[in-house]
Amino acid sequence: AYFSQVVDACALAADVELFPKGDLTMIGTNGVNLSGGQKVRLALARALYMRADVYVLDDLLSAVDPHVERHIVERVLATDGIIGHKTRILVTHAEHLVPLSDTVITFVDGKMSVVRQVPLTLSTVSIDTLNSKDTMSSSDSVDQQASAADIYSKPLEYRKLASLWSAIWHFIQLSGYGTVAIVVGIQIAQTYALYYTQSLRISLMTDSNPATMVQSLKYYLLINAFVSFTHRQIRNLERWIRRKVLTTRLEFKMRREIRQLVLSMPLPLLESLPYSTMSELYLQCVNSISQAFPMTLCIFMVNSKLSAVATITRVIKTSPGLLVMCGPLVALNYAIERWHRGTLPKLYDVRREAIGRPRERLDDVLKCNRPLLRIHDMTDIYLDKLCQIKAMDISYELSQESVRESLSLMEMPFTHIIETTILAYKLYLRLFASIPVSPGELDVETSLATGLYHRVRGLLSHGRIDDRYIDQLSQYVSYTKDIPREQPRIVADSRPLPCWPETGEIEFRQFRLGYRPDLDPVLNGLSFVVRGKEKIGIVGRTGAGKSSLTYALMRLVEADSGSIIIDGVDISTIGLHDLRSRISIIPQDPSLFEGTIRDNLDPTYQYTDDEVWAAIDACQIAHLLDMPAKARKPKIMNPDKASKEEPKQPSNICKRDWSAGIGLEKWVNYKGSNFSVGQQQLVSLCRALLWRRKILVLDEATANVDTKTDQIMQSVIRQEFKDCTVLTIAHRINTIMDSDRVLVMDQGKVAEFDTPSNLLARDSHFKRLVECTNLSKEQGQSAE
């Protein structure tokens, strides 16, 4: 019952009903199959379900539209809400909600002021009344948003290679034919040299003529010494080629292909991939394939095959009867070994299914949500889960190891049977048939028989290549060849002019966009024109398709039909680099990386310091660069010096010193953690201003910032981007009230497209959104 109350209070009931499996639907990595508003409401529901006494809600309402905001205020935050009897601390930039609180705490320049007041009671006008007037439906759009990336929320399945020889062929293609041919040629030369030496030894052991025995011994010792010395040198050469040439080149090539894969795969797919999947592919799979697989191929595959052929040839020339004796034993051993080896792939598959996916999800939680686990005091629970998964992993590993050990122990009884049989046969010849048997002949036949058994057994067992190496190679081949890639970065015969776009005119012509062929399109037949240098505000209910416009403009997802024309150029005919390098976008979550301020503003160093400072001054962030950043700047010390000063530590250790840089050298932490969200957005705006592109897209860029920062950003946009086309996607209606025109989206279609004054003059969707937003403000004014 309480679960249903929480779902209803957080406005998730309609979403849960439309999810493929209801409340059991699997959420993808980073919530890839949820909209921004759904992520926030799901996080709120999780907090409510904890049934705590104190709730701290940090900027909860910035990612939801006015209707959902009022629903959450009424059903959750208000006195009559689901936690109305609990302590609620709301950190927000929504000043119109201040009259509803008991205590108002304001922070200005690090100083706090506290004001106590009598909270205002919500109006009798409920959310149901507002919704009854509003014909905009969000059910279908929510379904589209929830299902849009559903394909990416599922774990990536890879295609297993058909056979061992298929795996070997793919490995040879990866390694290069020339390098593999050199290694195989060295193995053949080694095998022939050993075969020739062993033939001399057999001739010497079976020689009963004293006159020739001494000469044979001298020749054998000379040849054996030369072959042993040469064999060791050639073996070192082969090992050097395998490690320094084959392994190094293969590792570099594989990592390069994985980097190209990451940079060229569709963005929704990239964002949905678990961190553990990519790290395992980049580290473990590459290491296993580039290091273990060449050694396995050279030593066990090539060496075992050539040695088996040489041994069989030697047996045929010396004692063919051993084939008749060893044949049945080898066949019996192979049948038993094949039965045992059949359990290894099954154990590996069971282990991967039982441990792989749960461990990926757990790794993502532990790596990305450690603060959240500490806040909810769930660290011990997830550590226990991690221990359980590790214990299961160890048990499966022990099971696989026991199977491998049983295969190794199987050699001993068969070897003893062969030796005992030969000895009994020779005793029979000597005692009952009166046939003389020399010690050398007995030693040669025993060694030939045991060698024949081991070599043929190795030949039939595929050279003992571990199934996990084949599985990792299958994973790499499948990911690098089967995962879809984006369109070419540059189309040589269809490149736009360097000055394109000149005016920034954008035209959508019957544009349809869908994330999957079996789903309804999220943008359904859009047709509208944005004139050059025009400022357009884009609004709509959650999941109406606003952010999908950004995906369409940047071609993050290719269109199903229709076209987008920018200054007379169809963007589907040009390369992705030529398109995306001409459009600036500021998303809701700022994109800052570890480095200096200058690195973040001008990563490619195309602009002078004066140009960078001009952009900084225009965006009013110069004061952020006056103080040194309390960040650690990486610094690689001299290995020799480090080893002398600190002999107990590794020579390649990464030292970190406090960075005291100011100005353009001020250090930015990972994801800009040493800046507030508002400051990060100002830095992103400064970057867009420095690039001076004709089209600027703001996707909820001011949702998480305070009113003052919002005013600064709007002022900069009006003054510095007056010659650019600006598309502003916003839930804050006041953010787009000064736009030239407002585009209202509903169910992936254009519901309204007109000036704000014309839309407010009639009964429109936009007018009802404005009324819903201003409701609390009017109540605050009436209370005063």
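Let's start with Thr725. In this predicted model, Thr725 is buried, because its relative accessible area is 0%, against a cut-off of under 20%. Thr725 sits in strand E16, which covers residues 725–729.

What is Thr725 in contact with, leaving aside neighbours within four places in sequence? Thr503, Gly504, Glu505 and Ile506 are on the list.

Next, the cores. The largest nonpolar core has 32 residues. Ile506, Phe508, Leu523, Ile564 and Ile566 have the most contacts inside it. Several elements give two or more residues to this core, including strands E5 (506–513), E6 (523–530) and E8 (561–566), helix H20 (546–553), and E16. Take Ile566. Beyond four places in sequence, Ile566 is in contact with residues including Trp500, Ile506, Leu553, Leu579 and Ile695. There is also a second, separate core, with 31 residues. Leu625, Val668, Phe675 and Leu682 are among them. As background, nonpolar side chains tend to be buried together in soluble globular proteins.

Last, a helix pair. The axes of H23 (residues 609–618) and H25 (residues 677–691) come within 9 Å. They cross at roughly 130°, so H23 and H25 are oblique to each other. The crossing is right-handed. On the H23 side, the contact uses Glu611, Val612, Ala615, Ile616 and Ala618. H25 brings Cys686, Leu689 and Leu690. How many residues of each class make the contact of H23 with H25? Seven are nonpolar, one is charged, and none is polar.

Definitions and conventions: Residues are numbered from 1 along each chain as its sequence is written. This is a predicted model: local features need pLDDT of at least 70, side-chain atom pairs count only at pLDDT 80 or more; totals for chains, interfaces and linings use all residues. Side-chain values use heavy atoms; hydrogens and water are left out. Helices (H or I, at least four residues) and strands (E, at least two) are DSSP runs, numbered from the N terminus. Buried means under 20% relative accessible area, exposed over 50%, partly exposed in between (1.4 Å probe, protein chains only). Contact means heavy atoms within 4.5 Å. Axes are lines fitted to C-alpha atoms, for helices over the stretch in contact, and angles run from 0 to 180 degrees between N-to-C directions. Angles under 35 degrees count as roughly parallel, over 145 as roughly antiparallel, 65 to 115 as roughly perpendicular and the rest as oblique. A crossing is left-handed if the near helix is turned anticlockwise from the far one by less than a right angle, and right-handed if clockwise. Ala, Val, Leu, Ile, Met, Phe, Trp, Tyr, Cys and Pro count as nonpolar, Asp, Glu, Lys and Arg as charged, and the others, Gly among them, as polar. A nonpolar core is a set of buried Ala, Val, Leu, Ile, Met, Phe, Trp, Tyr and Cys residues joined through side-chain atoms within 4.5 Å.
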